[in-house]
Amino acid sequence: MIIQNSKSKSIPINYFEKKYETMDYRELKTLQVARLKTTLETVFIKNDFYKNKLGEAGIRHINDIDNIKNIDDVKNLPFTSKTDLVNNYPFGIFSRPLGDIVRIHASSGTTGKPIIAGYTKRDIRVWSQLMARILCACGLGKNDIGQNAYGYGLFTGGLGFHYGAEELGMTVIPMSTGFTERQFTMMEDIGTTAIFCTPSYALFLAEEINKFIKDRSKIKLKKGIFGAEPWSDELRRNIESLLNIDAYDIYGLSELMGPGVAFECVYKDGLHINEDNFLPEIINPKTGEVLKKGETGELVLTSLNRQAMPLIRFRTKDITGLYKDKCKCGRSFVRMHKIKGRTDDMIILKGVNIFPSQIESIIFGYDYLEPAYLIELYTENFLDKINIVIEPKQEVFNMGESRIDEIAKEISHRIYELIGVRSKVTAVPPKTLERSQGKSKRIRDARKKI
Ligand code: DLL
């Protein structure tokens, strides 16, 4: 149920969906089981790929779905992988005919073919409402002006935020990514109060703001909602202090709708998973075994409320852990930690697992460094090695070689202490490294493959 106080202009629309968001545990599990069964019935009847897959897992007749009594029974269902989506490109994973599909989004797959996501009218409505729920949880309302600097187009960030912000009654400026000068002009002239973009682009804007805005008092920006790539708490602190805003994390993926799966509320203490719409599990990525609450592993999601493209136990490749204590905001949904990285971005060097976000946390913690870095992997004397490229701030860079060497040594030592791997650290002049306007690429892998 959506609590809408009034249509009156003076009262902000409240999109806190209390009935769902504060549901008690047993009620939520009952809702999830019912929605899971409906989802299974849909894919069993309407999708040949799933009919076969479920058959292999012992669900050969629609009545077999009734054997699911408890939400933990989900673990007996088969996984869906990105490869399944690629192999069934473009529409083989849809459970509705094209006539019912009102929109297509896509994300780049690993093999050249994109991954297609389809939506019915109802799917778009549910997605918009979930996004409105999230924006409301971040403290936004109908009197806010949202500058949407996520890319519009096949990427789900642009339209996902756009429809959600409109659903909440906000004023939306559909900027898309780029056009930096125009971003600042709109911010100043229209009085933007919230910005939506990737954390890398937020950082880019934060580094550029003083070039374009002479009088900071004209900027009304107070919040930013950032996602679509892993980002550390240190990056959050950088963005917050440079832009003088509160920054919130939002998580999602095209295969499961787009942004809207999980979100931070105003307390910024983990991401609430929209459990009435998505059933989360954490598995050991090597064995597929379901891990206990609190353990870190790969996030697996089952959609519970989708028509066009329901997915069963989709392996996201994203690494995180779940925890279930009640948040100060009153929401009872399970929370996940910030995503640590993707299984396919994890660097294994001399047996040590390294996520770029761990390096980021270290680099962004030093106030004498620019918030930028590049991880270079290379092979020397048949051994794989790592070089971290950093940018000291101008005044530090001007101090000369010996100070720069000292800094490089200190950072290398810190990385060894915290991550356990010996690295080379190389400094380049400030503003040398490429800044990203979309999802950033911070790894250059030049290792010789044997
Ligand atoms: O990135 C959807 C999105 C748009 C999310 C805008 C948030 C904001 P894809 O392009 O399909 O969809 O990429 C999904 O991006 O599996 C994660 O690896 C990564 N990702 C998304 N959000 C976060 C986040 C969109 N908050 C893939 N933290 C996912 C870390 C994230 N990684």
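This is a predicted model: local features need pLDDT of at least 70, side-chain atom pairs count only at pLDDT 80 or more; totals for chains, interfaces and linings use all residues.
1. Nonpolar cores. The largest nonpolar core is made up of 77 residues. Leu-77, Leu-135, Phe-196, Ile-225, Tyr-251 and Met-336 have the most contacts inside it. Helix α5 (residues 121-137) gives the largest share of this core, with 10 residues.

2. Met-336. Beyond residues up to four places away in sequence, Met-336 touches Tyr-251, Ala-262, Gly-270, Leu-271, Ile-273, Leu-299, Thr-320, Gly-321, Leu-322 and Tyr-323. Met-336 and Tyr-251 are both listed among the residues with the most contacts inside the largest core.

3. Largest pocket. The largest pocket holds about 1400 Å³ of space. It is lined by 48 residues, and the closest to its centre are Ala-228, Glu-229, Arg-342, Asp-345 and Lys-439. By class, the lining consists of 19 nonpolar, 14 polar and 15 charged residues. Strand β7 (residues 246-253) supplies the largest share of the lining, 5 residues.

4. Helix α9. This helix spans residues 233-243. Its buried residues are Glu-234, Leu-235, Arg-236, Asn-238, Ile-239, Glu-240 and Leu-243. They pack against helices α8 (199-212) and α10 (356-363), and against strands β6 (223-227), β7 and β18 (369-380). After the helix comes Asn-244, with a positive phi near 55 degrees.

5. Leu-203 counts as buried because its relative accessible area is 3%, under the 20% cut-off. From Leu-203 to Glu-240 the C-alpha distance is 9.4 Å, with the two residues 37 apart in sequence.

6. Phe-212 in α8. Phe-212 is found in helix α8 as well. Is Phe-212 buried or partly exposed? Phe-212 is partly exposed, because its relative accessibility of 27% falls between the 20% and 50% cut-offs. Apart from neighbours within four places in sequence, its contacts are Thr-180, Glu-181 and Phe-184. Leu-168 is 44 residues from Phe-212 in sequence, and their C-alpha atoms are 30 Å apart.

7. Helix α3. In α3 (residues 48-56), the buried residues are Phe-49, Tyr-50, Lys-53, Leu-54 and Gly-55. They pack against α2 (25-46) and α4 (82-87). The N-terminal end of α3 is capped by Asn-47, which has a side-chain oxygen 3.1 Å from the backbone nitrogen of Phe-49. Just after the helix, Gly-58 has a positive phi of about 100 degrees.

8. Pro-259 in β8. Pro-259 is found in strand β8 (residues 258-263). With 10% relative accessibility, Pro-259 counts as buried. Outside the four places on either side in sequence, Pro-259 is in contact with Trp-127, Met-131, Thr-156, Gly-157, Gly-160, Phe-161, Ile-250, Tyr-251 and Gly-252. The C-alpha atoms of Pro-259 and Ile-388 are separated by 31 Å, and the two residues are 129 apart along the chain.

9. His-272 in β9. His-272 lies in strand β9 and is buried, at 0% relative accessibility. Its contacts, leaving aside neighbours within four places in sequence, are Val-261, Ala-262, Phe-263, Cys-265, Cys-327, Cys-329, Arg-331, Phe-333, Val-334 and Arg-335.

10. Asn-277. Where does Asn-277 sit? Asn-277 is in the loop between β9 (271-273) and β10 (278-283). Asn-277 is buried, at 5% relative accessible area. Its side chain makes a polar contact of 3.2 Å with that of Asp-276 and another of 3.1 Å with that of Asn-305. Beyond its neighbours within four places in sequence, Asn-277 is in contact with Arg-35, Val-126, Leu-130, Thr-302, Ser-303, Leu-304 and Asn-305.

Methods
Residues are numbered from 1 along each chain as its sequence is written. Side-chain values use heavy atoms; hydrogens and water are left out. Helices (H or I, at least four residues) and strands (E, at least two) are DSSP runs, numbered from the N terminus. Buried means under 20% relative accessible area, exposed over 50%, partly exposed in between (1.4 Å probe, protein chains only). A polar contact is a pair of N or O atoms within 3.5 Å; within protein, one must be able to donate a hydrogen and the other to accept it, and residues adjacent in sequence count only if both atoms are side-chain atoms. Contact means heavy atoms within 4.5 Å. A nonpolar core is a set of buried Ala, Val, Leu, Ile, Met, Phe, Trp, Tyr and Cys residues joined through side-chain atoms within 4.5 Å. On a 1 Å grid over the protein atoms alone, a cavity is a set of points where a 1.4 Å probe fits but cannot get out, and a pocket is an open set with protein on both sides within 12 Å along at least five of seven lines; lining residues have an atom within 4 Å of a point. Grid points are joined across faces, edges and corners, and a volume is the space filled by probe spheres set on the points. Ala, Val, Leu, Ile, Met, Phe, Trp, Tyr, Cys and Pro count as nonpolar, Asp, Glu, Lys and Arg as charged, and the others, Gly among them, as polar.
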